[in-house]
Amino acid sequence: MDNSEVVRHFLDTLIDISSRKTTKGHAVFTMDNLIKKLENKYDFLKHIEVKDTRFTELGEPISVMTGINEIDSSKIGNALSDIITTMNEELGKDAGHFFIKEVKDNLQENYSENFEDMGLDLGLIQLEHEVRELGKKIQK
């Protein structure tokens, strides 16, 4: 599958799950802001457009231009890892303890091979999140 399709599906899933925990508008706004913030680190994120489609019947909230297909998949995997981690942090307690696991469980099986090729391990990201949270509790 093309990188553009994998990225779009990943980001759509993030917005869908975030929308269940907060409002759709807040989820889209948060995604748009963090994509713009991460563009400094990953310039290819400029190929992603996030739109608030709540008040229109046409279009999807995420558009990924085909230019992203030219980018090395490991770089995209690093960006997606940063996106899910940052989204989890931005949503805070609204995301819930198993936000990343829920995203992983909701992604279709036919994308798992693409994520492996990108070096994106959502199980490891969830574990790292749990360790960070445990560290915060211990420090208190």
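## Salt bridges, core and surface of a predicted model

E133 forms a salt bridge with K136, and their closest N and O atoms are 3.4 Å apart. A salt bridge here is a side-chain nitrogen of Lys or Arg within 4 Å of a carboxyl oxygen of Asp or Glu. Both E133 and K136 sit in helix α6, three residues apart, about one turn of the helix. Helices (H or I, at least four residues) and strands (E, at least two) are DSSP runs, numbered from the N terminus.

Before going on, some housekeeping: this is a predicted model, where local features need pLDDT of at least 70 and side-chain atom pairs count only at pLDDT 80 or more, while totals for chains, interfaces and linings use all residues. Residues are numbered from 1 along each chain as its sequence is written, and side-chain values use heavy atoms, with hydrogens and water left out.

### Charged pairs

The structure holds eight salt bridges.

| Pair | N to O distance |
|---|---|
| E133 and K136 | 3.4 Å |
| D12 and R8 | 2.9 Å |
| K37 and E90 | 3.3 Å |

The K37 and E90 salt bridge links distant parts of the chain: K37 belongs to helix α2 and E90 to helix α3, 53 residues apart. K37 is partly exposed at 47% relative accessible area, and E90 is partly exposed at 44%. As for the cut-offs, buried means under 20% relative accessible area, exposed over 50%, and partly exposed in between (1.4 Å probe, protein chains only).

D12 and R8 are four residues apart in helix α1, so about one helical turn separates them. D12 is buried, with a relative accessible area of 12%, whereas R8 counts as partly exposed at 30%. Leaving aside neighbours within four places in sequence, D12 is in contact (heavy atoms within 4.5 Å) with E60, P61 and I62. Elsewhere, R20, K21 and E102 are linked in a network of salt bridges.

### The core

In soluble globular proteins, nonpolar side chains tend to be buried together. The largest nonpolar core in this model has 39 residues, and those with the most contacts inside it are F10, L11, M31, I48, I83 and F99. Such a core is a set of buried Ala, Val, Leu, Ile, Met, Phe, Trp, Tyr and Cys residues joined through side-chain atoms within 4.5 Å. Elements giving two or more residues to this core include β1 (48-50), β2 (62-64) and α5 (112-118).

What does M31 touch, not counting residues up to four places away in sequence? The list is L11, L14, I15, V50, I62, I83 and M87.

F99 also turns up in helix α4 (residues 99-106), where F99, I100 and V103 are buried. Seen down the axis of α4, these buried residues fall within an arc of 100 degrees, so they line one face of the helix; the arc is that of the directions from the helix axis to the C-beta atoms. The buried residues of α4 pack against α1 (3-21), α3 (73-91) and α6 (122-139).

L124, L127 and V131 make a nonpolar surface patch of about 270 Å². Accessible areas come from the Shrake-Rupley method with a 1.4 Å probe, and for residues only the protein chains shown count as cover. Patches are made of residues with over 30% relative accessible area and no salt bridge; like charges are joined within 9 Å, nonpolar side chains (Val, Leu, Ile, Met, Phe, Trp, Tyr) within 5 Å. L127 is found in helix α6 and is partly exposed, with a relative accessible area of 48%.
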